Amino acid sequence: MASTNERDPERAAAPDRAPAPPPGEPVPDLLAFAVQLRRMNGEIGRLAHGFATEQGLHPTDVQALAAILDSDTPLTPGRLREHLGLTSGAVTACLDRLEKAGHVRRSRDSKDRRVVHLHYETSARSVARAHFLPLATATENVRSRFEPAELSLVLRFLTELNTELSELPAPRR
């Protein structure tokens, strides 16, 4: 019987695709992924709640900070509202808390003064880095136990999962 790579030359040439599991080794099922993703979400959530408490913020404020930090382009309050599934008033209150605490600043677009952009303050990044250093250390410890091809595959999985999840509508609060 031909191996998977012999039947699918494209798969054989793609270094970021995992080979079929060895004979007798089961393919992890959806439940196994769900359990591990919930556990990871819970652990990261625990660290994020600690940061929120330490900074006098609401947990949603930390979600907003992450969205602002991870955005490819400066977010607007409207895009942040859509991303978090909040009302306009809730986003305004969140941004007011974040601005007062020195984590974000708002700026007007130079071409259209009605447009407001959100920026993560550089000084606040160092506060977040210090708090989340244990997460970065744990991530690096685990990364060091994997081969580059395995890490590429894990990163590809997480990237594709996040892309799928980002296309789901956020429930309005």
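Reader: Let's start with Leu80: is it buried or exposed?
Author: In this predicted model, Leu80 counts as buried, because its relative accessibility is 0%, and a residue is called buried when that value is under 20%.

Reader: Where does Leu80 sit, and which residues is it in contact with, leaving aside the neighbours within four places in sequence?
Author: Leu80 has its place in helix α5, and once the neighbours within four places in sequence are set aside, it is in contact with Ala64, Ala67, Ile68, Leu75, Val91, Leu95 and Leu118. For Ala64, which lies 16 residues away along the chain, the C-alpha atom is separated from that of Leu80 by 7.1 Å.

Reader: Ala64 belongs to α4, I think, so how do α4 and α5 cross?
Author: Their axes come within 11 Å and cross at roughly 120°, and the two helices are therefore oblique to each other. The crossing is right-handed.

Reader: Which residues meet there, and how do they divide by type?
Author: From α4, the residues Thr60, Gln63, Ala64, Ala67 and Ile68 meet Leu80, His83 and Leu84 of α5. By type, the residues of this contact divide into five nonpolar, three polar and no charged.

Reader: And what about α5 and α6, at what angle do they cross?
Author: The axes of α5 and α6 cross at roughly 110° and come within 10 Å, which makes α5 roughly perpendicular to α6. Here α5 passes α6 in a right-handed crossing.

Reader: Which residues make that contact?
Author: On the α5 side the contact is made by Pro77, Leu80 and Arg81, and on the α6 side by Ser88, Val91 and Leu95. These residues divide into four nonpolar, one polar and one charged.

Reader: Going back to α4, how does it pack with α3?
Author: Helix α3, residues 30-55, and helix α4, residues 59-70, pack at an angle of about 105° with their axes 8 Å apart, and they are therefore roughly perpendicular to each other. In that contact, Ala48, His49, Phe51 and Ala52 of α3 meet Pro59, Val62 and Leu65 of α4, and the residues involved divide into six nonpolar, one polar and no charged.

Reader: Now the core: how many residues are in the largest nonpolar one, and which have the most contacts inside it?
Author: The largest nonpolar core has 23 residues, and those with the most contacts inside it are Leu65, Ile68, Leu80, Leu95, Leu98 and Leu118. At least two residues each come from α3, α4, α5, α6, β2 and α7, with the largest share, five residues, supplied by α4. As general background, nonpolar side chains tend to be buried together in soluble globular proteins.

Reader: Last topic, the whole chain: how many helices and strands, and in which pattern?
Author: The protein chain has eight helices and two strands, and read along the sequence they follow the pattern α-α-α-α-α-α-β-β-α-α.

Reader: What share of the residues counts as buried, and what share of the contacts links residues 24 or more positions apart?
Author: Of the 173 residues in the protein chain, 19% count as buried. Among contacts with a separation of 6 or more, residues 24 or more positions apart account for 52%.

Note on methods: Residues are numbered from 1 along each chain as its sequence is written. This is a predicted model: local features need pLDDT of at least 70, side-chain atom pairs count only at pLDDT 80 or more; totals for chains, interfaces and linings use all residues. Side-chain values use heavy atoms; hydrogens and water are left out. Axes are lines fitted to C-alpha atoms, for helices over the stretch in contact, and angles run from 0 to 180 degrees between N-to-C directions. Angles under 35 degrees count as roughly parallel, over 145 as roughly antiparallel, 65 to 115 as roughly perpendicular and the rest as oblique. Contact means heavy atoms within 4.5 Å. Ala, Val, Leu, Ile, Met, Phe, Trp, Tyr, Cys and Pro count as nonpolar, Asp, Glu, Lys and Arg as charged, and the others, Gly among them, as polar. A crossing is left-handed if the near helix is turned anticlockwise from the far one by less than a right angle, and right-handed if clockwise. A nonpolar core is a set of buried Ala, Val, Leu, Ile, Met, Phe, Trp, Tyr and Cys residues joined through side-chain atoms within 4.5 Å. Buried means under 20% relative accessible area, exposed over 50%, partly exposed in between (1.4 Å probe, protein chains only).
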